[in-house]
Amino acid sequence: MSDARCPLNAAEIVDAYFLEHRAKVLDIAAFLDRIDRAADAPAAMDYRVAALIECIALLLDGEGDRARRIQERLSDRTSEPVDRAPMQGAMGAPEADG
Amino acid sequence: MSYIDPHIHMVSRTTDDYRRMAQAGCVAITEPAFWAGFDRCSVEGFRDYFRQLTQVEPARSARYGIAHHTWLCINPKEAEDAGFAREVMSIIPEFLDAPNVLGIGEIGLNKNSRNELQVLEAHLALAAAHDLLVLVHTPHLEDKLKGTMLIMDAVANAGLDPDRVLIDHVEEHTVGAVLDRGFWAGMTLYPDTKCTPQRAVDILERWGMNRIWMNSAGDWGDSDPLAVPKARMEMRRRRHSAESIRRITFDNPVAFLSRSGNFRIDA
Ligand SMILES: [Zn+2]
């Protein structure tokens with residue numbers, strides 16, 4: 001493993017990336033608002049949205065390694081092959097453990 | 001500065017893409033066999049595809065000064081029908097003498113099913129029998145972590161040297177295990193659904209610049225054939241050295257691909 005550093009200093013990182021990520025937070029907020037405004041609202045919470053909200057909570061727990069931990073939260077954590085492929089695509093969050 | 005895109009599906013791209021890639025400094029590519037976006041219905045469909053990969057595409061690529069190489073297989077998305085997959089695998093040896101074939105790929109898993117695993121094992125046996133390099137596709141999204149672990153175990157069980165196997169589409173939760181077990185790792189840059197250039201460079205900063213490369217995996221879907229030069233810009237933006245940029249986008253691909261006697265580059 002390298003020294004795990006980004007060559008930029010913290011202020012340079014913020015200057016370079018803040019606006020992009022400000023916009024992404026607003027995208028998430030607007031996405032959740034849109035679900036609230038759905039034609040059939042209030043609908044039951046979709047497991048993918050529930051997983052996303054848990055991921056947001058991971059950002060607030062004060063721990064590092066956030067990207068890896070979010071990836072793991074969004075992963076199927078079983079270890080045995082499944083009997084049959086249920087489809088060709090993927091959904092983005094595991095259905096079983098919600 | 002010259003670069004290599006070691007994973008791109010040029011049969012789905014236009015000559016304009018070849019031109020723009022050449023203008024951006026691309027000097028070599030490798031093209032793994034891939035799912036067409038629909039299931040092919042006959043072995044003859046695959047025979048034609050393998051002819052395209054070994055005869056047609058290298059000629060098209062050469063017109064832009066880009067060396068073209070390929071990997072052959074039936075993609076994991078079409079491996080659920082294991083009987084059909086075996087028929088397709090049986091014609092692969094007909095093409096192994098083509099001068100641009102580097103090995104077997106992109107094999108791996110898609111939904112981590114038993115049939116997919118069986119087909120993966122058969123491909124690994126084919127690679128072992130012919131002493132070929134292997135390019136591995138790992139599943140997407142929720143299936144990636146589990147699939148990557150199953151694939152690494154299958155490669156170990158097949159007795160292949162991890163130094164001759166590249167595991168592609170690694171992300172934050174799989175890169176560590178892949179490198180720790182002695183494999184080469186590939187990061188695929190997607191426009192939005194998966195790994196961005198920013199996160200790919202984050203991964204390089206955390207995991208180092210050894211045994212890892214970046215590719216566009218450009219194909220018929222949302223993808224960007226210039227993703228590698230864009231990631232080079234991201235490295236430059238963060239003041240990574242020209243040497244590091246060259247290492248990730250040229251030297252590392254050359255080091256891995258040269259393990260096949262069929263890799264050649266004029267740059
Ligand atoms: Zn691919």
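Modeller: His169(B) sits in the loop that runs between β6 (165-167) and α6 (175-180) of chain B; helices (H or I, at least four residues) and strands (E, at least two) are DSSP runs, numbered from the N terminus. This is a predicted model, in which local features need pLDDT of at least 70, side-chain atom pairs count only at pLDDT 80 or more, and totals for chains, interfaces and linings use all residues. Residues are numbered from 1 along each chain as its sequence is written, chains are lettered from A and ligands numbered from 1 in the order written, and side-chain values use heavy atoms, leaving out hydrogens and water.

The phi of His169(B) is near 60 degrees, a positive value in a residue other than glycine. Most residues other than glycine have a negative phi, and most peptide bonds are trans. A cis peptide bond joins Gly105(B) to Glu106(B), with omega about -10 degrees. Glu106(B) belongs to strand β4 (residues 101-108) of chain B.

Next comes the side facing the partner chain. Chain B puts 34 residues into the contact and chain A puts in 37 residues, where contact means heavy atoms within 4.5 Å. Together the two chains bury about 3000 Å², 50% of it on carbon and sulfur atoms; buried area is the accessible area (1.4 Å probe) that two parts lose on being put together, summed over both.

The rule finds five salt bridges across the interface of chain B and chain A, each a side-chain nitrogen of Lys or Arg within 4 Å of a carboxyl oxygen of Asp or Glu. Arg239(B) and Glu12(A) form a salt bridge through their side chains, at 2.9 Å from N to O.

On the chain B side, α4 (114-130), α5 (144-157), α7 (197-207) and α8 (227-237) each supply at least two of the residues that touch chain A. The helix that gives the most is α7(B), with six residues. By type, this side of chain B divides into seven nonpolar, nine polar and 18 charged residues. Here Ala, Val, Leu, Ile, Met, Phe, Trp, Tyr, Cys and Pro count as nonpolar, Asp, Glu, Lys and Arg as charged, and the others, Gly among them, as polar.
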